[in-house]
Amino acid sequence: MLQLKVIGRADIPAVLAVQAQCYGPEFLESAQAFEAKLDAARHLHCSFLAVQAGEPLAYVVSLPVDDGDLPALDAPAVARARAPRTLYLHDLAVSPAGRAKRLGHKLVQQVVHRAQDMGLTQMALVAVQGSRDYWARQGFADAEASPGSALAARLSSFGPGSILMRRALKPA
């Protein structure tokens, strides 16, 4: 039976194992980076791990952010948002064993509902590895980062071809 559970610090090794199955070395983040994101969203329940028969199959890591203040890739520290309007979907990874189960879609819907429950008005993400079309099918559209801004600098940490995308949310 598939279980979606809120990610805690004890789940970080499972998250790292799924991450290693999904990304090239340029996108691998450290345990410290995941801890920082989880700490910035402590007690908000917006990151989830999909497990079946004890095997981690997929995860989504998201956190509320202040406008224009998305964490960089592998950021060792992340400040807690003061007045968030946005849920930043930092990472969605689905292992090869989990792809046929539509876990990506299920996890995205889970965080969309969570963002709505929190009263947030939008979601944002950075599309990498040619995933723009996937995210467009999930309701996200390309967004701009002003050249020279702190947001543009953080976006560059994801490498060439990374695309900032946003999705407006309807109230719950």
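Me: Let's pick one residue to begin with. What does L57 touch, leaving out residues up to four places away in sequence?
Reply: L57 touches L2, V18, A50, Q52, A93, V94, S95, A97, G98, K101 and L103. Contact here means heavy atoms within 4.5 Å. Keep in mind that this is a predicted model: local features need pLDDT of at least 70, side-chain atom pairs count only at pLDDT 80 or more, and totals for chains, interfaces and linings use all residues. Residues are numbered from 1 along each chain as its sequence is written, and side-chain values use heavy atoms, with hydrogens and water left out.

Me: Ok, and is L57 buried or exposed?
Reply: L57 counts as buried, at 2% relative accessibility. Buried means under 20% relative accessible area, exposed over 50% and partly exposed in between, with a 1.4 Å probe and protein chains only.

Me: How far apart are the C-alpha atoms of L57 and V94?
Reply: They are separated by 6.1 Å, while the two residues are 37 residues apart along the chain.

Me: Which strand is L57 in?
Reply: L57 lies in strand 3. Helices (H or I, at least four residues) and strands (E, at least two) are DSSP runs, numbered from the N terminus.

Me: What about the sheet, how many strands form it and in what order?
Reply: It's an open sheet of 7 strands, ordered 1-2-3-4-5-7-6, with mixed pairing. Strand 1 (2–6) and strand 6 (141–142) are the edge strands, each pairing on one side only. Two strands pair if DSSP finds at least two bridges between them.

Me: Switching to helices. What does helix 1 touch on the sheet?
Reply: Helix 1 (residues 12–22) packs on the sheet and touches strand 2 (48–52), strand 3 and strand 4 (86–94). The direction of helix 1 makes about 100° with that of strand 3. Angles run from 0 to 180 degrees between N-to-C directions, using axes fitted to C-alpha atoms, for helices over the stretch in contact.

Me: Which residues of helix 1 are buried?
Reply: I12, A14, V15, V18, Q19 and C22. Seen down the axis of helix 1, they fall within an arc of 155°, so they line one face of the helix. That arc is taken from the directions from the helix axis to the C-beta atoms. The face turned away from the buried side carries the exposed residues P13 and A20.

Me: Now the core. Which of its 57 residues touch the most other members?
Reply: In the largest nonpolar core, those are Y59, Y88, L89, M123 and W135. Strand 3 (residues 55–65) gives the most to this core, with 7 residues. A nonpolar core is a set of buried Ala, Val, Leu, Ile, Met, Phe, Trp, Tyr and Cys residues joined through side-chain atoms within 4.5 Å.

Me: Last one: how many aromatic pairs are there?
Reply: The structure holds 4. The Y23 and F27 rings have centres 6.3 Å apart and planes at 50°, so that pair is tilted. For W135 and F140 the centres are 5.6 Å apart and the planes at 85°, so that pair is edge-to-face. Rings of Phe, Tyr and Trp (its six-membered ring) pair if their centres lie within 6.5 Å; planes under 30 degrees apart count as stacked, over 60 as edge-to-face and the rest as tilted.
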